[in-house]
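Here is a short tour to read with the viewer open.

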Amino acid sequence: MEHYVRPASLPDPAKFRFVLPARFIRNRMRRASRFCSESYVSRDTISAEAQAETTVYSHPFTYHRAATLEDASNLVLQLGEEARLLAGGQSIIPLMKMRLARPTALVDINGIPGLDSIERDNGELRFGALVRHAEIENSEIAGSIPILHDCAAGIADVQVRNQGTIGGSLAEADPSGDWGAVLLALETSVRCTGSKSERIVPLEEFIKDAYTTVLKPGELVREVIVKVPPKGSGGAYVAFKRCAPVYATVSAAVQLVLDAKNTCKDAGIVLGCVGLTAIRATEAEAALRGKPLDVKNVQAAADAAYEAAQPQSDMRGSAEYKRVLVAALVKRAIGIAARRARGEKAEAGHEYAGR
Amino acid sequence: MPDADKILVRVRVNGEHREATVEPRTLLVEFLRDHLNLTGTHIGCDTSYCGACTVLLNGHTVKSCTLFAPMADGGEITTVEGLSTTNELHPVQKAFADCHGLQCGYCTPGLLLSAIHLLSKTPKPTDQQIRKGIAGNTCRCTGYQNIFKAVRAAAAAMEKR
């Protein structure tokens, strides 16, 4: 398959942190040399023009706090097309600072009660939209599905995990995001709430494209519902990145069901960062399903993952490098998932280059 | 921006009530530095990468360059200025000084708060937990080894207390 070409209107997330900062640094230095050389100069003493020239911050917007879900939905509809919801803010705020996003109004949903709980009932785990990654990392309930812990414990760094939310992450639908791949490997649906209606959408349908979901204007993610995998299941998420605060170069999420004879009854294999959305590697899954989990079949799954990936060359690596990497990570994740399915303890998660 | 669109932000910083009326796009770090004159919190990369701007918000570390000030309204903030109010350094500060956990010092306010957050959650961290706990803070001088030593020493010192 040919490498995909990102539409010109979409920003390349890989470039956010490394191409633009030079401009910020120049701006910062200019500001520092002009205003801060001798004594502290209060912002109030700087003329409005000077402030406008030296500031690197976001386009102006009006800020609104929603008290309820309905309130949030109505506010977004009322404030017009350029209004956006604000949850943890760990993606939209950097985008706004770089002016790649220019919402005219933000509706802060952090004050809405009841969106921050993790519950288990009826064979499902339910994550409120505002559950922070760090809360999932430290949650015993979420820990009952190890692949969730693998993911939550390695997203960006501590500070980002303390603030970023699972609902915001899915609603953003960043192709390099971690949750998309992990939750697709499980059976996940998203409860979406609008001002008058509510619907539950399977995750496969929820994410339509890069940065694009089925959410309609005024609709927001209320809950993420994950089905608890059956007995004999094991999963693992392996992501490879250069250092903590950046997105992964490539990631692989594998969820297996094994029987007592080491036959793979079911397999979910999803590849992250190698396409416009997380990619379900159906051929790789077929290479394992109903077959013994041996070296030959695992290699066949890895080869199928290599073919299924649609990576793009960028500053994180060439397309070929990412294909090779994705095959290696799938293999590694299958190994860890299988050990966990047999009840063994095994570590998985985000791995850093050079560690 | 018209004054009507400005927002009153009220916070408790280092135990003290502080407030200012600001544009909503004011970042928390800017609010602390430029409006509350607390310049101990540094701006490094300004892109949510380096962690120099790390502060504690309601007990959790956040990057204050990646939060709009109104999001912290009603919150409890600890900055580096709040770590020691007497002549005695906070045990983590003392450990950084003793172990030479800094050279230029630019990243230090953020690292101190990340270390304090780590030790509050994990009083006896393993090496791996220390690495992970401070992975969101970039230091371009030390090579991190002395920072590890400082966090280990701080953990030991805080356990004794």
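The notes below go through the core, a helix, the domains, the chain contact and a set of strands.

## Ground rules

This is a predicted model, in which local features need pLDDT of at least 70 and side-chain atom pairs count only at pLDDT 80 or more, while totals for chains, interfaces and linings use all residues. Residues are numbered from 1 along each chain as its sequence is written, and chains are lettered from A and ligands numbered from 1 in the order in which they are written.

The largest nonpolar core holds 151 residues. Such a core is a set of buried Ala, Val, Leu, Ile, Met, Phe, Trp, Tyr and Cys residues joined through C-beta atoms within 7 Å. Helix α15 (residues 319–341) of chain A gives the most to this core, with 11 residues. Helices here are DSSP runs (H or I, at least four residues), and strands are runs of E of at least two, numbered from the N terminus.

A:Val326 is among the residues with the most contacts inside the core. Beyond its neighbours within four places in sequence, A:Val326 is in contact with residues including A:Val250, A:Leu271 and A:Tyr306; contact means that the C-beta atoms, placed from the backbone, lie within 7 Å. After α15(A) comes A:Gly343, with a positive phi near 90°.

## Two domains in chain A

The domain assignment of chain A gives domain 1 (118–227) and domain 2 (233–352), with bounds from an automatic or database assignment. Their contact takes 22 residues from domain 1 of chain A and 27 residues from domain 2 of chain A. On the domain 1 side, α11(A) provides the largest share, 6 residues.

## Where chain B touches chain A

Here 29 residues of chain B are in contact with 26 residues of chain A. On the chain B side, the largest share, 4 residues, comes from β4(B).

## Strands of chain B

β3(B) is joined to β4(B) by 4 bridges, and the two run antiparallel; strands count as paired if DSSP finds at least two bridges between them. They form a hairpin with 2 residues between them, and B:Asn58 in the turn has a positive phi of about 50°. β3(B) also pairs with β5 (residues 76–78) of chain B in the antiparallel sense, over 2 bridges.

Terms used. A residue is buried if 20 or more other C-beta atoms lie within 10 Å of its own, exposed if 12 or fewer, and partly exposed in between; C-beta atoms are placed from the backbone. Two residues are in contact if their C-beta atoms, placed from the backbone, lie within 7 Å.
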